[in-house]
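Reader: Please show the model, and then we can go through it by question and answer.

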Amino acid sequence: MRRAGLGEGGPGAYVASGYSVYEEENERLQEGLKAKVNVLKSLSIDIGTEVKYHNKMLDEMDSDFDSTGGLLGATIGRVKQLSRGSQTKLLCYMLLFCFFVFFILYWFIKLR
């Protein structure tokens with residue numbers, strides 16, 4: 001910085017040597033960075049909210065899947081009980097009936 005003479009604003013006055021231009025540019029860039037930081041902050045908050053929502057949905061799906069697995073396990077258990085007990089004849093008759101129905105449907109479709 002240099003001092004101005006008497007004709008340049010009075011004694012002791014400083015001439016703008018580009019310092020204020022750099023300061024204004026720095027302030028402008030600083031405001032731009034603040035805006036970008038605020039956008040990133042809101043984006044990270046939104047991501048956190050979305051992650052919490054998806055985790056909640058996955059927990060609900062896991063509980064639904066567990067209950068379905070219990071139902072399927074109970075059904076398989078009943079089928080095993082049928083095959084171990086004296087119900088084997090009934091199971092054999094059911095299979096023969098299914099094959100018979102399948103054969104009749106095949107024959108009916110083939111004649112068309």
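Author: Helices (H or I, at least four residues) and strands (E, at least two) are DSSP runs, numbered from the N terminus. This is a predicted model, in which local features need pLDDT of at least 70 and side-chain atom pairs count only at pLDDT 80 or more, while totals for chains, interfaces and linings use all residues. Residues are numbered from 1 along each chain as its sequence is written, and side-chain values use heavy atoms, with hydrogens and water left out.

Reader: What is the mean pLDDT of the protein?

Author: pLDDT is the predictor's confidence in each residue, from 0 to 100. Of the residues, 71% reach 70 or more, and the mean pLDDT of the protein is 76.

Reader: In which helix does Leu-111 lie?

Author: Leu-111 is exposed, with a relative accessible area of 58%; buried means under 20%, exposed over 50%, and partly exposed in between (1.4 Å probe, protein chains only). Leu-111 also contributes to a nonpolar surface patch of about 850 Å², with Phe-97 and Trp-107 among the other members. Such patches are made of residues with over 30% relative accessible area and no salt bridge, where like charges are joined within 9 Å and nonpolar side chains (Val, Leu, Ile, Met, Phe, Trp, Tyr) within 5 Å. The helix that holds Leu-111 spans residues 88-111 and is α2.

Reader: What does UniProt list for residues 90-109?

Author: Over residues 90-109 the chain is 100% helix and 0% strand, with the end C-alpha atoms 29 Å apart. UniProt positions are in the numbering used here, feature names are shortened, and annotations may be inferred rather than shown by experiment. The unreviewed UniProt entry lists these residues as "transmembrane region".

Reader: Which residue forms a salt bridge with Lys-34?

Author: A salt bridge is a side-chain nitrogen of Lys or Arg within 4 Å of a carboxyl oxygen of Asp or Glu, and a search of the whole structure finds one. Both partners lie in helix α1 (residues 19-84), three residues apart, about one turn of the helix. Lys-34 is partly exposed at 45% relative accessible area, and its partner, with N and O atoms 3.8 Å apart at the closest, is Glu-31.

Technical notes: Accessible areas come from the Shrake-Rupley method with a 1.4 Å probe; for residues, only the protein chains shown count as cover.
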